[in-house]
Amino acid sequence: MRDLCLIRAPFNLGLRPLRPGHEPGTWRAPQALTDAGLLEALAPARIVDLDRPAYSTEPQPGTRLRNGPAIRTFSLQLADIVAETVGRGQFPLIVGGDCTVLLGGLAGARRSGLLSLVHVDGHSDFRHPGNDDDNLPLGSAAGMDLAAATGRGEALLTEWPGIEGPLLRDDQVAQIGERESRDADFAWHDIAATEMTLVDVFAARELGAAGVLARVEPVLARGGGRFWLHFDVDALDQTFMPAVDSPGSPGIDPDELVAILGTLAARPGCIGMDVTIFDPDLDPTGELAAWLVALLRRVLTAT
């Protein structure tokens with residue numbers, strides 16, 4: 001077991017409302033997972049709780065991002081906590097929250113040097129101004145986190161104190177689990193022209209855990225062996241994990257996913273991890289929260 005600092009990040013600002021008056025429920029994930037036994041499963045050495053920021057559907061001046069300024073403020077707070085945690089020699093585990101919390105985690109971890117990113121997600125989250133033909137007045141940052149981490153998009157999400165240039169170079173990223181990239185109408189085909197290492201869900205299922213890890217290895221070296229691990233639970237098939245805002249099929253098999261994530265999380269160079277997009281509003285019985293806690297225990301107690 002790593003010397004964990006559990007950072008509970010009740011956050012939903014990067015998601016769109018699904019209907020008038022709707023507020024995405026991912027902000028409730030930290031408490032729901034705690035109620036399902038997360039502390040008993042992981043025995044964190046320290047717990048840090050962030051305050052829940054207010055969700056708004058109203059435009060704000062100077063940005064096309066929904067909740068843009070509030071996302072920036074929250075991300076900077078999270079970055080401070082992550083930087084301090086890494087400095088203590090502890091392993092920050094951010095339990096969100098939507099995918100935007102990745103940026104605060106990376107911004108904090110980058111203060112102590114270069115790193116790579118293993119982005120395990122059923123979506124590439126690569127929306128940015130160069131490929132976004134959406135005419136909606138506001139954009140959802142949760143679909144932009146990987147683009148922003150590599151320097152694409154508004155300064156609110158791409159420029160960070162004490163860090164020159166983007167959080168990551170393209171060749172320091174491995175994206176695992178994208179399930180829509182082979183569709184004819186896939187919106188973000190330009191990701192294939194980058195230097196990112198891309199292992200979509202179909203390739204991941206063919207390669208198995210050992211093959212996926214072999215593909216990731218050169219990416220880790222480009223960050224000097226230090227890396228951050230992002231786990232969006234929608235990388236799982238919707239038959240296992242339907243309590244997400246954009247469920248889909250196919251997904252990476254749970255046992256294979258545990259093998260991939262557990263092997264990576266156990267490496268000394270893995271300096272932090274975030275878990276995102278679980279929505280307790282879609283899990284009225286709490287059964288899926290308990291299932292996810294058991295999966296995280298397997299990942300973070302792997303040897």
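Student: How many nonpolar, polar and charged residues does the lining of the largest pocket have?

Tutor: Rolling a probe the size of a water molecule over the atoms shows where empty space is left. In this predicted model, the lining of the largest pocket comprises nine nonpolar, five polar and twelve charged residues.

Student: What volume does the largest pocket have, and which lining residues are the closest to its centre?

Tutor: The volume of the largest pocket is about 530 Å³. There are 26 lining residues, and those closest to the centre are Arg-16, Arg-127, Gly-143, Trp-188 and Ser-246.

Student: Where is Arg-16 found, and which residues does Arg-16 touch?

Tutor: Arg-16 belongs to the loop between strand S1 (4-8) and helix H1 (29-35). Setting aside residues up to four places away in sequence, Arg-16 touches His-22, Pro-24, Tyr-55, Arg-66, Ser-140 and Asp-245.

Student: Is His-123 buried or exposed?

Tutor: His-123 is buried, because its relative accessible area is 12%, and buried means under 20%. This residue sits in the loop between strand S4 (116-120) and helix H5 (145-149).

Student: Which residues is His-123 in contact with, leaving aside its neighbours within four places in sequence?

Tutor: His-123 is in contact with Gln-175, Glu-178, Arg-179, Glu-180, Asp-234 and Ser-246, once those neighbours are left aside.

Definitions and conventions
Residues numbered from 1 in each chain as written. Predicted model: local features only at pLDDT ≥ 70, side-chain atom pairs only at ≥ 80, totals over all residues. Heavy atoms only, no water. Helix = DSSP H or I, 4+ residues; strand = E, 2+ residues; numbered from the N terminus. Buried < 20%, exposed > 50% of the residue type's maximum accessible area, 1.4 Å probe, protein only. Contact = heavy atoms within 4.5 Å. 1 Å grid on protein atoms, 1.4 Å probe; cavity = no way out; pocket = protein on both sides within 12 Å on 5 of 7 lines; lining within 4 Å. Points joined across faces, edges and corners; volume = space filled by probe spheres on them. Nonpolar A, V, L, I, M, F, W, Y, C, P; charged D, E, K, R; others polar.
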